[in-house]
Amino acid sequence: MIGIFLFHNTSQTACRISGYPQVSGLNEQGKTTTVAAHTLTGWAGNLTSVPTVDIPPGGYASAGVEWRNGTDNGSQCALVATFDVTPPSGGVPKQFPAGTPSLTDGPACANFEIHPITAGFDPSYFYPPYNPPVTSSN
């Protein structure tokens, strides 16, 4: 599975950001069950280095997140109900529903990885009506 976290600059000035968001999977009780590993390559994109992004006022940057909904060896999945996301620069984490936790076929079960922040976003990843979540401001 692939997801995209959007970072929206709601200020009146450009915002510079670089690095990986910190992404954790939380269970229904709010406890961390898994943490996304940093990656440059995968289903959600391929980079050779971590870019520095200048987000103009009102603009967006994004980071791809990916995972498998099952394990290779039949072991139990991490029980993830919510994604906890903190921008690379720090700040207050935001939480987003991840789906229905399952021991055998659930969100962020295995190979949970986050890509670095990149400029803009690809609107083809979204289903209408498009309404991007705000996850960061300058």
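User: In which strand is the place of Thr 82?

Analyst: Thr 82 has its place in strand β10. A strand here is a DSSP run of E with at least two residues, a helix is a run of H or I with at least four residues, and both are numbered from the N terminus. The model is predicted, so local features require pLDDT of at least 70 and side-chain atom pairs pLDDT 80 or more, whereas totals for chains, interfaces and linings use all residues. Residues are numbered from 1 along each chain as its sequence is written, and side-chain values use heavy atoms, with hydrogens and water left out.

User: How many helices and strands does the protein chain have?

Analyst: The protein chain has zero helices and 13 strands. Read along the sequence, the pattern is β-β-β-β-β-β-β-β-β-β-β-β-β.

User: How is burial to be read, and is Thr 82 buried or exposed?

Analyst: Buried means under 20% relative accessible area, exposed means over 50%, and partly exposed lies in between, with a 1.4 Å probe and protein chains only. Thr 82 is buried because its relative accessible area is 18%. Across the protein chain, buried residues make up 41% of the 138 residues. The accessible surface of the protein chain, by the Shrake-Rupley method with a 1.4 Å probe, comes to about 7400 Å², and 51% of this belongs to carbon and sulfur atoms.

User: Which residues does Thr 82 touch, not counting residues up to four places away in sequence?

Analyst: A contact means heavy atoms within 4.5 Å. On that basis Thr 82 touches Ser 24, Gly 25, Leu 26, Gln 95, Phe 96, Pro 97 and Ala 98. For the protein chain, among contacts between residues at least 6 apart in sequence, 78% join residues at least 24 apart.

User: Where is Gln 95, and is Gln 95 buried or exposed?

Analyst: Gln 95 is placed in strand β11, residues 94-97. With a relative accessible area of 52%, Gln 95 is exposed. The C-alpha atoms of Gln 95 and Thr 82 are 6.4 Å apart in space, although the residues are 13 apart in sequence. The side chains of Gln 95 and Asp 84 are joined by a polar contact of 3.1 Å. Such a contact is a pair of N or O atoms within 3.5 Å; within protein, one must be able to donate a hydrogen and the other to accept it, and residues adjacent in sequence count only if both atoms are side-chain atoms.

User: Which residues touch the most other members of the largest nonpolar core?

Analyst: In soluble globular proteins, nonpolar side chains tend to be buried together. A nonpolar core is a set of buried Ala, Val, Leu, Ile, Met, Phe, Trp, Tyr and Cys residues joined through side-chain atoms within 4.5 Å. Here the largest core has 22 residues, and those touching the most other members are Phe 5, Val 23, Phe 83, Val 85, Phe 112, Ile 114 and Ile 117. At least two residues of this core come from each of β1, β8 (52-55), β9 (60-68), β10 (82-86) and β12 (110-114). Strand β9 gives the most, with four residues.

User: How many aromatic pairs does the structure hold?

Analyst: A pair of aromatic rings is described by the distance of the centres and the angle of the planes. Rings of Phe, Tyr and Trp (its six-membered ring) pair if their centres lie within 6.5 Å; planes under 30 degrees apart are stacked, over 60 edge-to-face, and the rest tilted. The structure holds five such pairs. One of them, Trp 67 with Phe 83, is tilted, at 5.3 Å centre to centre and 50° between the planes. This pair links distant parts of the chain, with Trp 67 in strand β9 and Phe 83 in strand β10, 16 residues apart. Phe 83 and Phe 112 form a stacked pair, at 5.8 Å centre to centre and 25° between the planes. That pair also links distant parts, with Phe 83 in strand β10 and Phe 112 in strand β12, 29 residues apart. Phe 83 counts as buried because its relative accessibility is 5%, and Phe 112 is likewise buried at 5%. Phe 5, Trp 67, Phe 83, Phe 96 and Phe 112 form one aromatic cluster.

User: With which residue does Asp 54 form a salt bridge?

Analyst: Side chains of opposite charge can pair when their charged atoms come close. A salt bridge is a side-chain nitrogen of Lys or Arg within 4 Å of a carboxyl oxygen of Asp or Glu. A search of the whole structure finds one. Asp 54 pairs with Arg 16, the closest N and O atoms being 2.7 Å apart. Asp 54 lies in strand β8 and Arg 16 in strand β2, so the pair ties together parts 38 residues apart in sequence. Asp 54 is partly exposed at 46% relative accessibility, while Arg 16 is exposed at 59%.
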